[in-house]
Amino acid sequence: QIGQHMFKAGTVVVSLLVTTSLNCASAFCVLPSLTTTYARACHCPATATVTCEASKENTQRRNLLLTSISGVVGSQLAASATQGRVSSSAKVSMSGGESVRPVRVCVVGAGSISREFALYHFGPKTQTVVTSIVDLDEERARCLAADVGSVQAGARVESKGSAYAAVAAESRGEPVPFSRTLAPCLAGCDLVYVGTTPNSHAKLVLEALAAGKSVLMEKPLAAKAEDADAIVKAAELAQQKGQSVGMDIGMRWNPALHELRRLAVTERQLGRITSARLTLAFTQWPRDWQMQPWVAGRAEGGILREVGTHFFFGLMELFGERCVGCVRTDVSYPPPNIDGSGGGGAEVAARGTLRLGRAAGELAGLEIALEVGTDSKVGDVYELELTGERGTLLLKDFCRLKRTAQVEEWVVPNGSYGRVESVVTLIDEMRGAAKRGGTQE
């Protein structure tokens, strides 16, 4: 949903008007590139002020990429974890006694996030099995394929301090097949997981859907508006044929966010909400575990696109779709070098407001202060705070919720990040679609 947008962007003297079918906050998926275009057209310095106002809907797009997600993980899949390697043809028993074949997954991308999914989230506990790895870097694909094969043969997963750096503790069995391209792997999978850079999403997703496969992809949907729209169109058609499309956007299942919504919005325990802020601050960008050129670049990376999308989606979960009526922010970029090179860096700071519109109902007009930076002196900060007449609720580090009133308490001390839930829910949808279509797995 983060990238469900049909942008009709026009450069004006003082602003960029962005029309989006979902929510103006979605503009942040491509805001850095839009700001660059604006600055060039007006011969502005590296810091530009951009105003995005949501016009009346002129496009009725249904919720597409997450319609496969019910929002309630009532699946039997997660309850039926087994030990040891699961072959792509073996059938396993679900808790209800039904025997099913695990869903075969082709993992595209062998970087940090794909490594976590391949070694932790695809496997017996989600009734899936990785059957192949795809990466343009053949050596990286080979390494992940070997680790996956070892884990499927019974080796323990060793985190190495982070799930992003996980490896098999020992070498066992045989590597799963790997390739530099997706085509050779399509015949042997049911689901394609796309964990690659944003600009590569459209080609890979369209190729997988055209081959009749379901898709689970990383956010953001794309780095370019035209790519995002192509994915939406292809996925709409594919869903009509019984394929499922989902996105790993953990805020959909985040228990801390759910509790924030219940306390602040549904039950109004804060009373009238008087102020709100979203702070994303980092000691450096990219972060240590994500030191890739594309993450540092304006074309595909940046804080707003990589991290902001989680929280912009979170705002929609809190206040409803299309809740943000206007976004105004000053975005700063690193200056180019003296020789003119190096001018494509991602934003280093962004400060402004997100104002809730009529879709937010009684909360319309509430301004959420936005502050993004790369000069934090207190470590990395991920915070969404709502303050009301009777206290404050703070969503911290994605998965923790603190309430401050007469006393301070952690309402949710450490909730789930939502990644395994994104897999389980999509697999449920795939199995449901297969049954509705008369396909026996």
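User: Helices (H or I, at least four residues) and strands (E, at least two) are DSSP runs here, numbered from the N terminus. Where does Pro 286 lie?
Analyst: This is a predicted model. In it, Pro 286 lies in the loop between strand S14 (273-281) and helix H7 (293-296).

User: What kind of peptide bond joins Trp 285 and Pro 286?
Analyst: A cis one, with omega at about 0 degrees. Lys 219 and Pro 220 are also joined by a cis peptide bond, with omega at about -10 degrees. Pro 220 is in the loop between strand S12 (214-218) and H5.

User: Back up a bit. How many helices and strands does the chain have?
Analyst: Nine helices and 21 strands. The chain has 441 residues, and 54% of them count as buried. Take the contacts with a separation of 6 or more: 69% come from residues 24 or more positions apart.

User: Now helix packing. At what angle do H4 and H5 cross?
Analyst: Roughly 15 degrees, and the axes come within 9 Å. H4 is therefore roughly parallel to H5, since angles under 35 degrees count that way. The crossing is left-handed.

User: Which residues of H4 and H5 make the contact?
Analyst: From H4, His 201, Ala 202, Val 205, Leu 206 and Leu 209. From H5, Asp 227, Ala 230, Ile 231, Ala 234, Ala 235 and Ala 238. By class that is nine nonpolar, one polar and one charged.

User: And H2 with H3, left-handed or right-handed?
Analyst: Right-handed. H2 (residues 112-121) and H3 (residues 138-152) pack at about 20 degrees, with axes 9 Å apart. That makes H2 and H3 roughly parallel too. Ser 114, Arg 115, Ala 118 and Leu 119 of H2 meet Cys 143, Leu 144, Asp 147, Val 148 and Val 151 of H3. The classes are six nonpolar, one polar and two charged.

User: Is Phe 398 buried or exposed?
Analyst: Buried, at 10% relative accessibility. Lys 160 is exposed, with a relative accessible area of 54%.

Methods
Residues numbered from 1 in each chain as written. Predicted model: local features only at pLDDT ≥ 70, side-chain atom pairs only at ≥ 80, totals over all residues. Heavy atoms only, no water. Axes fitted to C-alpha atoms, helices over the stretch in contact; angles between N-to-C directions. Parallel < 35°, antiparallel > 145°, perpendicular 65-115°, else oblique. Left-handed = near helix turned anticlockwise from the far one by under 90°. Contact = heavy atoms within 4.5 Å. Nonpolar A, V, L, I, M, F, W, Y, C, P; charged D, E, K, R; others polar. Buried < 20%, exposed > 50% of the residue type's maximum accessible area, 1.4 Å probe, protein only.
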